[in-house]
Amino acid sequence: MTAPDLALTRVHGTLHALQVPIPYPMKTVTVLIDTGGPVTLIDTALDTPEARGAIEDGLAALGLHWPDVERVIITHHHPDHYGLAGVVEERSGAAVQMLDVEIGRGERYWHLWEEWLPGHTKHMQDHGLPRELVETLGQESRRTRARVHPASRVEPLREGQMVPLAGSDWEVLWLPGHADGHLGLWNEAESLLIAGDAILPRISPNVGLYAYTRPDPLGDYLQTLGKLEALNPARAVVGHHGPVMDGVQARARQLRDHHHERLDFIRAEATRQPRHAYDLSLAMFPRDLNTAGRRFALAETLAHAEHLHLLGQLARTWQGEAWVYHG
């Protein structure tokens, strides 16, 4: 029986977008189902009973079940996109595919999570995260890890590779910033982009500097925005607040301006008073945030401060127990 409120939308040909519930502020994540050959899921949501049920209902509405899935393509390793990949693999034998850049770091993170957690914690502490928030980091990380069922084998896709989807060939794009190895799929003939979280209509994708990320995620993301602006798709399928958006070129310009405003703000704040990234994050995100939100704010602020540092526009020195940025 299909749920009466099933949010399933045909995007193009045999390609459908399903809105799957997640326990995050975005409320849902887009999972794409292609009923053509091979039957494909693009992204898998978080491993929760609600998400499993929604995907089962979405497949059933299209006359499919878990064993019918032949391929899973993951846009990036974040838990709300990758969490159920291993479950799908187990139930169907599907091949799970990711961009090669993402396999070596992001996907590997879930397999080496216990070993990497101390480094992740130290990274946050080194940039000023208060002790009381450090104490909750491991607990929340364990709760997230429990909702990620990584695949046992992941096949690499490479930038520029063509993959068959919905009756035509799509080009694999590398769209880093939100995640190091964020993948996009581009159908030039339809001017249609599967964008994941590389661009979103209502919120700015989080661009954070973490212990295991590339050294300049904001620099990566500004280049991605330039790439999307030049591509100028007529429509993009997005991970949240979609499933489909238009006006991608204008949104890319808006997001670029947004990040330049934040860079100006961080430069002025650190020049006025030398501070570590956590204190800068309180200035850039003054509203009340829960502990997870406050850590996202720190990572995002740090990405901006470190971008300025790499450009030579801010200095960084070790003072006491944390790095301090100053003009």
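Predicted model: local features only at pLDDT ≥ 70, side-chain atom pairs only at ≥ 80, totals over all residues.

By buried I mean under 20% relative accessible area, with exposed being over 50% and partly exposed in between, using a 1.4 Å probe and protein chains only.

Residues are numbered from 1 along each chain as its sequence is written, and side-chain values use heavy atoms, with hydrogens and water left out. When I say helix or strand, those are DSSP runs numbered from the N terminus: H or I with at least four residues for helices, E with at least two for strands.

Back to β8. What does it pair with? Strand β9, residues 168–174, in the antiparallel sense over 4 bridges; for me, two strands pair if DSSP finds at least two bridges between them. Leu165 sits opposite Ser168 in β9. The hairpin has 2 residues between the strands, and Ala166 there takes a positive phi near 50°.

Zoom out and you get an open sheet of 6 strands, ordered β8-β9-β10-β11-β12-β13, with mixed pairing. β8 (162–165) and β13 (244–245) are at the edges with a single partner strand each, so one side of each has no neighbour in the sheet. Further in, β10 (residues 183–187) and β11 (residues 192–196) run antiparallel, joined by 3 bridges. Asn187 has Leu192 of β11 as its bridge partner.

β1 (residues 8–12) and β2 (residues 15–21) are antiparallel, with 4 bridges, and His12 is partnered with Leu15 in β2. Again there are 2 residues between the strands, and Gly13 in the turn has a positive phi of about 55°.

Most residues other than glycine have a negative phi, and most peptide bonds are trans. Lys27 goes against that, with phi near 75°; it lies in the loop between β2 and β3 and is exposed, at 60% relative accessible area. Ala45 also has a positive phi, near 70°. It's in the loop between β4 and α1, but this one is buried, at 1%.

And which peptide bonds are cis? One joins Gly37 and Pro38, with omega about -15°, and Pro38 is in the loop between β3 (28–34) and β4. Another runs from Gly242 to Pro243, with omega near 15°; Pro243 lies in the loop between β12 (235–238) and β13.

On to helices. α3, residues 85–92, is mostly covered, with 6 of its 8 residues buried, including Val87, Val88 and Glu89. Those buried residues pack against β4 (40–42), α1 (49–61), β5 (71–73), α2 (79–82) and β6 (95–99). Just past the helix, Gly93 has a positive phi of about 75°.

Then there's α6, residues 131–145, which holds Ser141. Ser141 counts as buried at 10% relative accessibility, and it touches Trp113 and Leu117 once you ignore residues up to four places away in sequence. Contact here means heavy atoms within 4.5 Å. Leaving out neighbours within four places, Leu137 contacts His120, Thr121, Met124 and Arg295. Its C-alpha is 8.4 Å from that of Thr291, which is 154 residues away along the chain.

Last, the whole chain. How many helices and strands are there? 10 helices and 15 strands. The radius of gyration is 20 Å, close to the 20 Å from the globule rule for 327 residues, so the chain is as compact as a globular protein of that length. That radius is taken over C-alpha atoms, and the rule is 2.2 Å times the number of residues to the power 0.38. The C-alpha trace spans about 60 × 40 × 35 Å along its principal axes, and 56% of the 327 residues are buried.

That's my tour, thanks.
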